Amino acid sequence: MGDRIKYLAALILFGTNGVIASQIHLASAQIVLLRTGIGSALLLLIFLLKGGRFHIRSHGRSYFWLTISGIAMGGSWMLLYEAYHYVGVSIASLCMYSSLALVMLSSVFLFHEAVTPQKIICFLVSAGGTLLVNLSAFSEKLSPHGIFLGMMACLSYAVMIITSKFSSAVPDLERSSWQLIVSFLLTVIYTACRGELIFSIPMGDLLWVLLLGLLNTGVGCYLYFSSIGKLPAQTIAICDNIELLSAVLSAVIFLGEHLTAPQSFGAVMILAGAVCSGIRFRKKTY
């Protein structure tokens, strides 16, 4: 339960990213650069103050997968933020969360997890809820380029989750620090190639930048990566929709947006799928 709670807490934090990022008046790549830079600096500082060091030689294979995971994480964030500009938050998020089907499949072929009827039903209920939450966005004209970016973000997100599970030998804080550092370096290269590496932060946005970097990225990524390596891939595939639910509810609370009846029902479905996936039903014996 401890790992599940940490995982859900991370998803709730990540769900507020959109609200916080909307208060920052910078290019999407610059926002990702700041959040990965501040988040990795926080985790690295804590890691070093606790006397930690990176065990690259003794955990070479795990560090290989951690590096791939960090690259995939940075890539998924940049692709997703770019997709927002073309197809909006709803459709881009829906593309992103279709990656959970890939994670569900990987649980069978890569991690040899048994697929139970309960897990399948919970996944379908949660996925159906995700569709209902984003239903209104389908009436809009969609950009093929935006859909492509969203699906590439989906693929990167799935790679991040799957490769993270191959690095459980590395301690939690060490793992999270390395992944964020790799993501930051990738974002530096990408931002430099776009000519957006040099910029100034508006004073009115500074508090939001720190909140996004320290809490939502630094603390959030520590909670996330210290838990997903210990949870079944099927649990991740079902419960990850909580992040979308958190995003919708935070928009309602902080941005004054309204939930339609289908969206409200979809939110209930997401919660029901996540909760029921963690319930163990025992057969009665007579």
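Predicted model: local features only at pLDDT ≥ 70, side-chain atom pairs only at ≥ 80, totals over all residues.
Colleague: How many residues does H8 have, and what span does it reach?

Modeller: The expected span is 1.5 Å times one less than the number of residues. Helix H8 (residues 172–193) has 22 residues and reaches 32 Å from its first C-alpha to its last, close to the expected 32 Å. Its buried residues (under 20% relative accessible area; exposed is over 50%, partly exposed in between; 1.4 Å probe, protein chains only) include Leu 173, Leu 180 and Val 182.

Colleague: How many helices and strands does the protein chain have?

Modeller: The chain comes to 12 helices and 0 strands. Of its 286 residues, 50% are buried.

Colleague: At what angle do H1 and H9 pack?

Modeller: Two packed helices are described by the angle between their axes and the distance between the axes. Axes are lines fitted to C-alpha atoms, for helices over the stretch in contact, and angles run from 0 to 180 degrees between N-to-C directions. Helix H1 (residues 2–15) and helix H9 (residues 206–228) pack at about 145 degrees, with axes 8 Å apart.

Colleague: Which residues touch the most other members of the largest nonpolar core?

Modeller: In soluble globular proteins, nonpolar side chains tend to be buried together. A nonpolar core is a set of buried Ala, Val, Leu, Ile, Met, Phe, Trp, Tyr and Cys residues joined through side-chain atoms within 4.5 Å. The largest has 60 residues, of which Tyr 7, Met 160 and Tyr 224 touch the most other members. Helix H4 (residues 60–97) gives the most to this core, with 12 residues. Beyond its neighbours within four places in sequence, Tyr 224 contacts residues including Tyr 7, Met 160 and Asp 240.

Colleague: Is Leu 100 buried or exposed?

Modeller: Leu 100 counts as buried because its relative accessible area is 2%. This residue lies in helix H5 (residues 99–109). Not counting residues up to four places away in sequence, Leu 100 touches Phe 123, Tyr 157, Ile 236, Ala 237, Asp 240 and Asn 241.

Note on methods. Residues numbered from 1 in each chain as written. Heavy atoms only, no water. Helix = DSSP H or I, 4+ residues; strand = E, 2+ residues; numbered from the N terminus. Contact = heavy atoms within 4.5 Å.
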